[in-house]
Amino acid sequence: MQLGMVGLGRMGANMTKRLAERGHELVVFDRNPTAVAAAEEEGASGSSGLEDLVARLSPPRHVWVMVPAGQPTIETVATLADLLESGDAIVDGGNSPWRNAQQEAARLRPRGISMIDAGVSGGVWGLKNGYCLMVGGDEEAVGRLGPIFTDLAPEAGFAHVGPPGAGHFVKMVHNGIEYGMLQAYAEGFALMDAAGELELDLHQITSVWRHGSVVRSWLLDLAELALGDKENFAQIKGYVEDSGEGRWTVEEAINRAVAAPVITASLFARFSSRQPNSYAARIVAALRNQFGGHEFFRESAAAEVAKDDDTADGVITAHGDAAEPDSPAR
């Protein structure tokens with residue numbers, strides 16, 4: 001089957017390669033000429049721009065958009081809509097807000113152009129293992145693209161989950177669940193790491209949990225890989241971004257009055273990871289000092305104190321004096 005692919009980042013490039021390997025005819029475009037050249041080496045046909053890409057496709061045309069969510073996707077879809085004709089289809093495979101797909105579908109329907117929203121999960125492993133696809137859109141258009149969806153996915157890894165917007169809604173919830181699962185693993189391993197007196201080998205524990213454990217999963221498989229590379233893991237900073245889906249999941253839960261405390265807490269935990277000297281934490285420390293005389297650390301001394309648990313240098317009492325090592329808690 002013939003398909004236009006717009007966007008050749010890590011996901012788009014691997015999806016192009018997987019489809020080309022399975023005999024599909026790919027016409028591709030990316031603003032980076034190097035990415036286009038790399039796709040051509042995998043059997044795709046390069047194009048110089050969206051207009052050129054559409055001109056190289058035969059009706060009914062199908063164009064998959066795999067660019068960053070937000071304005072890049074909105075602008076790309078708008079440009080393609082002006083170039084395509086009745087009977088053609090656009091697939092948004094990024095993590096776009098689900099209502100955007102509904103709006104685009106409603107806007108394009110009078111022109112006979114179908115808007116399909118495809119939630120894609122699988123990351124950089126999708127090339128080898130296949131991509132789980134959660135697809136929303138009109139039945140006829142989704143059916144035409146069946147060979148593409150089937151070859152991108154592993155066996156039983158593709159589902160038409162509903163009308164336009166449904167694919168991105170399901171992917172949004174999928175990623176919200178992912179936030180909670182990641183945080184649960186993170187907290188458990190942090191607790192084991194804190195039990196230094198037990199000398200636990202966390203890589204060994206991830207390995208044994210993968211076999212028969214109730215908590216075994218692909219994420220645990222990846223944790224085993226990550227902890228097995230001790231040199232690389234030691235260089236990872238505890239700063240975690242969120243790409244939007246977790247926030248949208250929490251917003252939907254609020255709007256629909258659905259309790260989602262785990263997903264919500266996991267989102268806030270990501271916010272906390274970006275604040276090594278959180279202002280909120282400073283307020284808490286200051287207030288504890290005021291009402292109970294609880295000790296707190298000055299920023300300049302905290303690092304030194306952390307190096308030596310036997311010293312109380314830099315620990316400040318309610319009156320601003322350095323505390324004695326054996327001072328009782330107040």
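Analyst: Contact, as used here, means heavy atoms within 4.5 Å. The model is predicted: local features need pLDDT of at least 70, side-chain atom pairs count only at pLDDT 80 or more, and totals for chains, interfaces and linings use all residues. Residues are numbered from 1 along each chain as its sequence is written, and side-chain values use heavy atoms, with hydrogens and water left out.

User: OK, which residues does Gly 137 touch, not counting those up to four places away in sequence?

Analyst: Met 115, Asp 117, Val 142, His 160, Gly 162, Pro 163 and Pro 164. Gly 137 itself sits in the loop between β7 (132-136) and α7 (139-144); helices here are DSSP runs (H or I) of at least four residues and strands are E runs of at least two, numbered from the N terminus.

User: And what makes Gly 137 count as buried?

Analyst: Its relative accessibility is 4%. Buried means under 20% relative accessible area, exposed over 50%, and partly exposed in between (1.4 Å probe, protein chains only), so 4% puts Gly 137 in the buried class.

User: How do you know that Trp 98 and Phe 169 are edge-to-face?

Analyst: Rings of Phe, Tyr and Trp (the six-membered ring for Trp) pair if their centres lie within 6.5 Å; planes under 30 degrees apart are stacked, over 60 edge-to-face, the rest tilted. The Trp 98 and Phe 169 centres are 5.1 Å apart with planes at 85 degrees, so edge-to-face it is. Trp 98 belongs to helix α5 (residues 98-108) and Phe 169 to helix α9 (residues 166-194), so the pair ties together parts 71 residues apart in sequence.

User: Are those two partners buried or partly exposed?

Analyst: One of each: Trp 98 is buried at 11%, while Phe 169 has 26% and is partly exposed.

User: Why are α9 and α13 called roughly perpendicular?

Analyst: α9 and helix α13 (residues 245-255) pack at about 105 degrees, axes 8 Å apart. Axes are lines fitted to C-alpha atoms, for helices over the stretch in contact, and angles run from 0 to 180 degrees between N-to-C directions. Under 35 degrees is roughly parallel, over 145 roughly antiparallel, 65 to 115 roughly perpendicular, the rest oblique, which makes α9 roughly perpendicular to α13. Phe 169 turns up again among the α9 residues in this contact, facing α13 residues including Trp 248.

User: What puts Arg 270 over the face of Tyr 179?

Analyst: The distance to the ring centre is 3.5 Å. The rule asks for NZ of Lys or CZ of Arg within 6 Å of the centre and within 35 degrees of the ring normal, and Arg 270 is listed as lying over that face.

User: What makes Glu 199 and Ala 257 exposed?

Analyst: Glu 199 has 71% relative accessibility, so it is exposed, and Ala 257 gets there with 70%. Both have positive phi despite not being glycine: near 50 degrees for Glu 199 and near 55 degrees for Ala 257.
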